[in-house]
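Dear colleague,

Please find the structure below, handed over for your review.

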Amino acid sequence: MQFNWAYDGVNGSVPRNTGPECADYLSPSRKLIETIITIPLCLIAIKCAVSRLKPITHRQLDRVTGYALSANRPLSSSNHNLHHMNYQRNPHESEPRELLMPHHRERSFSSASIASGMVEEFRCQRCSQSGTVPGARNMPGHNLVPSWGKQFLLVTMTLTLGVELGFKFASRTVIYILNPCHITTIIQIYLLACNKPTKSSTVLFRLQMNYLNGPLLAFMFPETDSRQLPLEASIYWIQHALMCIIPVFLLRSGGVYNMEALNDFTWNVIGYAALIIYHFGVLQVVASPVQVNLNHMLCPALKDPFEGTNYRICAVFHEAILCTLLCKLVTFLFSPLPSPIVSNPPFIKNGTPADTTPLISTATMVSSTSLPPHLITSSRPSSRSSSPAKSSSMLQENNIIIKTSKID
């Protein structure tokens with residue numbers, strides 16, 4: 001099958017754009033050595049970073065404004081915990097058993113939040129999907145009505161990419177669609193079009209936040225000499241401008257479009273390692289036989305300050321710093337949720353939040369709740385919790401139920 005239609009129109013008059021001189025800038029052995037070393041290192045980095053990932057949490061969205069609500073919400077909206085209590089009483093014992101279903105134990109309470117009448121937001125996925133929670137249609141598992149700004153950016157970016165594709169086919173330069181900026185554009189269109197919040201949306205959003213170096217370098221070192229058709233250069237500027245606007249807009253929207261803590265670099269490692277693998281494993285493989293300099297994988301740009309045989313190794317290091325710096329800077333400047341950005345909620349090894357709430361005395365519970373005393377003072381071990389560890393677990397469950405009972 002012939003693919004001349006995909007690269008015949010590449011402008012050879014532009015220096016270091018195509019041709020054997022650019023393709024032979026680095027020797028085949030040098031390319032092979034760099035590829036053999038770089039790709040395995042990136043795979044190891046991804047594996048190590050994935051093993052250290054924290055669970056993805058999200059914030060509730062305001063259906064009217066489209067912005068994220070506060071990190072806390074009133075206890076009055078969390079009384080669905082009480083609906084799932086299963087009091088399986090032993091005829092000879094008065095304390096409740098199996099106070100909470102397992103999926104409700106993922107909720108995190110603190111004495112400060114209880115005193116202020118607020119509780120941290122860790123949503124119950126099963127209740128959200130079943131619709132048992134009041135206002136469950138604002139939660140994950142249900143389609144959210146997109147804001148007019150999101151729809152406008154979706155239409156604008158989709159039309160821009162469509163016009164760009166038309167120019168590529170008309171000029172017989174379709175091969176340039178493989179450049180990282182176009183791949184990032186497709187990811188951003190998907191994020192704008194996805195109205196059902198999922199964890200995959202958060203994953204893609206956090207990954208593309210590490211690719212903001214593309215539009216920045218496109219503005220600092222524009223390459224529009226090879227664009228000969230009318231308005232083709234204008235589409236170049238529009239596309240890269242939208243690539244800077246969309247991440248900021250989505251980050252301000254909150255919800256599933258959230259970032260990890262500023263001191264957490266696991267997603268930066270995953271995103272950048274995936275970008276390097278794409279360069280050495282895809283762009284280089286496609287660019288070498290057709291001698292087209294895709295994203296400068298065959299030879300450096302004329303304005304590259306690191307020009308030389310080591311320019312690709314230098315690019316791996318300085319772009320790692322630039323990608324991470326831009327991601328954290330944009331997150332710090334434009335995130336509407338500063339508190340979870342600084343520190344994530346504590347999690348234990350099995351992925352559930354660690355309950356650091358101290359047990360409250362019986363007298364305090366009696367004075368602050370309307371529960372019968374026998375539900376409060378049951379601290380003795382039972383036949384089902386004979387070990388100290390099980391007794392401690394049951395006390396923590398009783399503590400959570402007592403706190404949630406303030407709703408009544």
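Is Cys-327 buried or exposed? In this predicted model, Cys-327 has a relative accessibility of 0% and therefore counts as buried, the cut-off being under 20% relative accessible area.

Cys-327 takes part in no disulfide. Its nearest cysteine sulfur belongs to Cys-323, at a distance of 9.0 Å. For Cys-323, in turn, the closest cysteine sulfur is the one in Cys-327, and at 9.0 Å the separation is too far for a bond, because a disulfide requires the two sulfur atoms to lie within 2.5 Å. Cys-323 is likewise a buried residue, its relative accessible area being 1%.

The structure does contain one disulfide. A disulfide is a covalent bond that joins the sulfur atoms of two cysteines. Here the partners are Cys-22 and Cys-299, whose sulfur atoms stand 2.0 Å apart.

As to geometry, the link of Cys-22 and Cys-299 is left-handed, with -90° about the S-S bond. Both ends of this link can also be described by their accessibility. Cys-22 has a relative accessibility of 4% and so counts as buried. Cys-299 is buried as well, with a relative accessible area of 1%.

With kind regards

Notes
Residues are numbered from 1 along each chain as its sequence is written. This is a predicted model: local features need pLDDT of at least 70, side-chain atom pairs count only at pLDDT 80 or more; totals for chains, interfaces and linings use all residues. Side-chain values use heavy atoms; hydrogens and water are left out. Buried means under 20% relative accessible area, exposed over 50%, partly exposed in between (1.4 Å probe, protein chains only).
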